[in-house]
Amino acid sequence: MSQKTLFTKSALAIAVAIVSTQAWSAGFQLNEFSSSGLGRAYSGEGAIADDAANASRNPALIMMFDRPTFSGGAIFVNPDVNVSGRSAIGNDASQDNIAPTAWVPNLHFVAPINDQFGWGASVTSNYGLATEFNNDFAAGSMGGKTDLETLNLNLSGAYRLNNHWSFGLGFDAVYARAKLERYAGDLPQIIGANIPALVQAGRLTPAQAAAIGAQAGGISRDTQIAYLKGDEWGFGWNAGILYEIDKDNRYGLTYRSEIKVDFDGDYKSSLPASLNPINAALGLGLPYGTGGATTGGALTLNLPEMWEISGYNRVAPQWAIHYSLAYTSWSQFQELKATNSNGQTLFQKEEGFKDSYRIALGTTYYMDDNWTFRSGIAFDDSPVPANKRSISIPDQDRFWLSAGTTYAFNKDASVDVGVSYMHGQKVEFTEGPYTFKSEGRAWLYGVNFNYAF
């Protein structure tokens with residue numbers, strides 16, 4: 001394997017900072033906006049109107065409520081994602097539990113104005129991630145510490161045209177905060193192992209080889225070779241249509257726009273700046289070295305647009321079925337590139353995501369005035385192509401099994417409880433000088449309190 005191939009493919013996947021698996025949905029998109037939805041694997045969300053949370057998915061559902069209604073709660077995510085691997089020089093590159101636990105909170109409120117108009121507001125998180133590898137992890141140049149948190153503030157309005165058609169439109173303000181750290185790992189050993197071949201091929205002079213060897217020798221496994229931190233706002237919109245055949249059969253079509261977040265943050269690397277000319281000349285793919293000095297770094301993150309079709313049918317007095325098909329335009333996410341104020345590329349990584357879909361089916365049993373039970377299954381199609389997988393994006397197709405219940409204390413107050421188990425397929429992939437296997441699963445637990453005024 002050539003030195004260029006070694007480093008270009010293992011370009012310290014820093015940009016992967018923004019793409020991993022916190023709440024364990026496909027890519028880094030989160031579905032966890034309500035506990036009732038969790039209990040049915042988020043099937044039929046654009047057509048069901050059992051609590052205020054659904055209006056954040058389809059604003060047209062605001063017109064299904066006849067009085068102000070509140071819902072608030074959180075979902076606890078307990079993932080178990082493990083990576084095993086080995087480098088081309090034989091070092092072990094394995095670590096268990098790379099994704100920490102997380103809480104995903106949500107708040108929702110809807111209010112009718114009259115029979116034709118209504119409004120709603122919500123606070124959710126539609127995207128997020130976190131992965132943590134030890135500072136001395138052998139493949140630390142590709143998997144260090146990664147954290148993305150987002151907060152979506154939504155304000156929506158709705159209009160009922162007649163007994164069959166309702167329309168909704170919303171505005172989204174997304175606050176995103178990201179931080180990543182990457183470490184040298186066994187990178188110095190890999191550099192040293194390939195120097196003789198580069199000299200023999202005439203790509204390095206003996207003097208250059210001696211200089212690189214000396215610099216690499218001063219880098220330990222836990223040397224921080226890249227650090228980036230930033231926060232910023234992005235803005236978008238969402239819309240929805242609700243068609244009601246009658247009170248027991250309805251269908252929804254929803255759309256959420258792409259949101260661009262332009263991060264301006266701080267970047268630094270402990271790699272010596274003297275490596276930069278050789279890195280550029282040989283195309284090694286190393287991050288830009290600053291010798292530990294901090295400089296400005298800018299990066300644009302494209303949060304993709306999403307379409308969803310949903311249906312709800314009450315097939316018997318106590319039974320209903322519901323279903324959804326969601327399509328996310330992940331192909332808008334092709335690369336991550338960070339630059340400084342002078343236009344110098346700090347790092348660049350081709351992502352090459354593909355569009356993906358999610359299909360879900362569920363059922364609800366209305367036992368009596370107090371108890372409601374629900375369940376669901378779903379399949380998440382991963383947007384990450386097999387040849388683009390990374391230990392910072394150990395993304396896989398996933399299968400959901402969900403169950404939940406609602407207990408109504410009276411006609412005004414109720415509580416939702418939901419649980420889901422997600423199982424991901426085992427994957428094997430090569431990333432730079434490493435070969436990896438990854439597998440993962442997750443348990444999600446949610447509780448929401450609902451109140452109608």
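1. Let's start inside the protein, which we know here from a predicted model. The largest nonpolar core has 24 residues, and those touching the most other members are L148, F263, L299, L301, L303 and F347. Six strands each supply at least two residues of this core: β6 (165-183), β7 (224-246), β9 (259-268), β10 (294-303), β13 (335-339) and β14 (345-350). Apart from this core lies another one, made of 16 residues, including V83, A138, M142 and Y434. As background for your reading, nonpolar side chains in soluble globular proteins tend to be buried together.

2. Now step back to the whole chain. How many helices and strands does the protein have? There are five helices and 20 strands. The radius of gyration is 25 Å, close to the 22 Å that the globule rule gives for 453 residues, so the protein is as compact as a globular protein of that length. Taken along the principal axes, the C-alpha atoms fill a box of roughly 80 × 40 × 30 Å. Of the 453 residues, 56% count as buried. If you look at contacts between residues at least 6 apart in sequence, 72% of them join residues at least 24 apart.

3. Next, have a look at the largest pocket, which holds about 1100 Å³ of space. Its lining is made of 33 residues, and the closest to the pocket's centre are A49, D50, D51, K411 and S414. The elements that give two or more residues to this lining are β11 (306-316), β15 (356-366), β16 (371-380), β17 (398-408), β18 (413-424) and β20 (434-452). Sorted by class, the lining has 14 charged, 11 nonpolar and eight polar residues.

4. A88 counts as exposed because its relative accessibility is 61%, and exposed means over 50%. A88 and T124 are 36 residues apart in sequence, and their C-alpha atoms lie 43 Å apart in space.

5. Two backbone angles deserve a second look. Most residues other than glycine have a negative phi. Y42 is not a glycine, yet its phi is positive, at about 55°. Y42 lies in the loop between α2 (35-39) and β1, and Y42 is buried, with a relative accessible area of 0%. N97 is not a glycine either, and its phi is also positive, at about 55°. You will find N97 in the loop between β1 and β2.

6. Finally, visit N340, in the loop between β13 and β14. Which residues does N340 contact, leaving aside its neighbours within four places in sequence? N340 is in contact with T295, G296 and L346. N340 counts as buried because its relative accessibility is 11%.

Notes. Residues numbered from 1 in each chain as written. Predicted model: local features only at pLDDT ≥ 70, side-chain atom pairs only at ≥ 80, totals over all residues. Heavy atoms only, no water. 1 Å grid on protein atoms, 1.4 Å probe; cavity = no way out; pocket = protein on both sides within 12 Å on 5 of 7 lines; lining within 4 Å. Points joined across faces, edges and corners; volume = space filled by probe spheres on them. Helix = DSSP H or I, 4+ residues; strand = E, 2+ residues; numbered from the N terminus. Nonpolar A, V, L, I, M, F, W, Y, C, P; charged D, E, K, R; others polar. Core = buried A, V, L, I, M, F, W, Y, C linked by side-chain atoms within 4.5 Å. Buried < 20%, exposed > 50% of the residue type's maximum accessible area, 1.4 Å probe, protein only. Rg over C-alpha atoms; globule rule 2.2 N^0.38 Å. Contact = heavy atoms within 4.5 Å.
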